[in-house]
Amino acid sequence: MVYVLRIFQKNFKSRLIVGTGKYKNFEETANVVKASGADIVTVAVRRVNIYDKNQPLLMDYLDPKSITYLPNTAGCY
């Protein structure tokens with residue numbers, strides 16, 4: 001396998017980084033990320049649900065063992 005991007009000790013097959021905030025639901029997000037071939041996704045920290053355990057999480061749709069999550073604080077406090 002040829003890797004096109006290496007960051008520290010981690011190799012990536014794609015240089016494409018996909019944002020996760022523009023889709024209507026997590027299922028659509030996962031489909032787009034998988035179709036793109038991206039290995040890295042950005043996730044806005046302020047949009048991550050940490051309060052309601054009954055709500056789905058992005059990690060339910062995109063396995064963090066196969067996709068690298070790049071948190072984006074976007075100036076959150």
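1. Let me begin with the contacts (heavy atoms within 4.5 Å). Among those in the protein chain between residues at least 6 apart in sequence, 56% join residues at least 24 apart.

2. A word on the ground rules: this is a predicted model, where local features need pLDDT of at least 70, side-chain atom pairs count only at pLDDT 80 or more, and totals for chains, interfaces and linings use all residues. Residues are numbered from 1 along each chain as its sequence is written, and side-chain values use heavy atoms, with hydrogens and water left out.

3. The protein chain has five strands and one helix, in the order β-β-β-α-β-β from the N terminus. These are DSSP runs numbered from the N terminus: helices are H or I with at least four residues, strands are E with at least two. The C-alpha trace spans about 40 × 30 × 20 Å along its principal axes.

4. T29 counts as buried because its relative accessibility is 1%. Leaving aside neighbours within four places in sequence, T29 is in contact with T20, Y23, L58 and L62.

5. F8 deserves a look too, in the loop between β1 (5-7) and β2 (10-12). F8 has a positive phi, near 50 degrees, in a residue other than glycine. Is F8 buried or exposed? With a relative accessible area of 77%, F8 is exposed.

6. Now the largest pocket, which holds about 430 Å³ of space. Its lining has 23 residues, and the closest to the pocket centre are F26, V43, R47, V48 and L58. The elements giving two or more residues to this lining are α1 (26-36), β4 (40-44) and β5 (68-72); β4 provides the largest share, three residues. Here a pocket is an open set of points on a 1 Å grid over the protein atoms alone, where a 1.4 Å probe fits, with protein on both sides within 12 Å along at least five of seven lines; lining residues have an atom within 4 Å of a point. The volume is the space filled by probe spheres set on the points, which are joined across faces, edges and corners.

Technical notes. Buried means under 20% relative accessible area, exposed over 50%, partly exposed in between (1.4 Å probe, protein chains only).
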